[in-house]
Amino acid sequence: MKAPILQRIAAEFAGTALLLAIVVGSGIMGEMLAGGNAAIALLGNSIATGAGLYVLITVLGPISGAHFNPVVSLTFWRTGELSLTLLAAYAAAQLCGGVIGVWLTHAMFDLPLLQYSTRMRSGVPQWISECLATGVLLATIHLGLRNAAERVPLLVALIVTAGYWFTASTFFANPAVTIARALSNTFTGIQPADVAGFIAAQIVACAVACLWLRRGSQDHPR
């Protein structure tokens, strides 16, 4: 039985806020404790993100589906799981939650709430990386739901943890996360000028995934 709509939207807001708190907070903590060793900082950041994702998806998945990502929600609209109105509400909740999560993290670490990243993440290799990362994430979710639904939280957590290391962009794969991370001049940030390129790459991957899902639904009608 599906949860009431307001509960679903609230779960998307809270889950995305907590996800950004985990991503940005562990990045700040990792950089503080790593003594200048970026590999150690990234290791702490990736482990914390994967562990946090597993918990968030497990506990909020039964309520909202635990998307925390507009492109993920878009693919579920494409498969008929979400109405267009609920898709818009999910996306708004995810975007707002991401920003609130970043501000809460700044407050925790006694940093200025309002800031912008100066970390450059641009160029064709980064865009290819984001396209691949988003495609891999969406494939993991939808193939996981088809073949091992009970393991989806673990599958997503593991692919994101691995993605921090095997992609040049460190696996953003999420427009809401990308926008929110532009508002934090910390280890996990991205300068605002580079956001559009990342989101464009994520949307390209999402469009390909939607075509694949459409073909799959035709080959395997419900």
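Let's start with a definition: on a 1 Å grid over the protein atoms alone, a pocket is an open set of points with protein on both sides within 12 Å along at least five of seven lines, and its lining residues have an atom within 4 Å of a point. Keep that in mind, and we'll come back to it.

Hi everyone. What you see above is a predicted model, where local features need pLDDT of at least 70, side-chain atom pairs count only at pLDDT 80 or more, and totals for chains, interfaces and linings use all residues. Residues are numbered from 1 along each chain as its sequence is written, and side-chain values use heavy atoms, with hydrogens and water left out.

First, the overall picture. The chain has eight helices and zero strands, where helices (H or I, at least four residues) and strands (E, at least two) are DSSP runs, numbered from the N terminus. Reading from the N terminus on, the elements go α-α-α-α-α-α-α-α. The C-alpha trace spans about 55 × 35 × 30 Å along its principal axes. Now the radius of gyration, which is taken over C-alpha atoms; the globule rule is 2.2 Å times the number of residues to the power 0.38. For 222 residues, a compact globule would come out near 17 Å, and the chain has 17 Å, so the two agree. Of those 222 residues, 50% count as buried. Buried means under 20% relative accessible area, exposed means over 50%, and partly exposed is in between, with a 1.4 Å probe and protein chains only.

What is the volume of the second largest pocket? It is about 180 Å³, where grid points are joined across faces, edges and corners, and a volume is the space filled by probe spheres set on the points. You can find its lining by looking for Pro70, Val71, Leu74, Leu87, Leu95, Pro175, Ile179, Ile199, Ile203, Cys206, Ala207 and Cys210. The helices giving two or more residues to this lining are α3 (70-78), α4 (84-108), α7 (175-181) and α8 (195-219). Helix α8 provides the largest share, five residues. And what kinds of residues are they? The lining divides into 12 nonpolar, no polar and no charged. Here Ala, Val, Leu, Ile, Met, Phe, Trp, Tyr, Cys and Pro count as nonpolar, Asp, Glu, Lys and Arg as charged, and the others, Gly among them, as polar.

Next, the aromatic rings. The structure holds two aromatic pairs. Rings of Phe, Tyr and Trp (its six-membered ring) pair if their centres lie within 6.5 Å; planes under 30 degrees apart count as stacked, over 60 as edge-to-face and the rest as tilted. Phe166 is partly exposed, with a relative accessible area of 43%, whereas Phe171 is buried at 4%. The other pair, Phe172 with Phe198, is also edge-to-face, at 5.0 Å centre to centre and 70° between the planes. Phe172 sits in the loop between α6 (152-166) and α7, and Phe198 in helix α8, so this pair ties together parts 26 residues apart in sequence. Both partners are buried: Phe172 has a relative accessible area of 5%, and Phe198 has 0%.

Phe172 has another neighbour to look for. Arg181 lies over the face of Phe172, at 3.6 Å from the ring centre. A charge sits over a ring if NZ of Lys or CZ of Arg is within 6 Å of the ring centre and within 35 degrees of the ring normal.

Now some backbone details. Which residue in the loop between α6 and α7 comes up again here? It is Phe171, which has its place in that loop and a phi near 60°, a positive value in a residue other than glycine. Phe68 also has a positive phi, about 55°, although it is not a glycine. You'll find Phe68 in the loop between α2 (38-64) and α3, buried at 1% relative accessibility.

Ser117 is in the loop between α4 and α5 (124-147), and it is buried at 4% relative accessibility. Its C-alpha atom is separated by 6.9 Å from that of Pro192, 75 residues apart along the chain. By contrast, take Ser64, in helix α2 and buried at 6% relative accessibility. Ser64 and Phe187 are 123 residues apart in sequence and 30 Å apart in space, C-alpha to C-alpha.

Key:
On a 1 Å grid over the protein atoms alone, a cavity is a set of points where a 1.4 Å probe fits but cannot get out, and a pocket is an open set with protein on both sides within 12 Å along at least five of seven lines; lining residues have an atom within 4 Å of a point.
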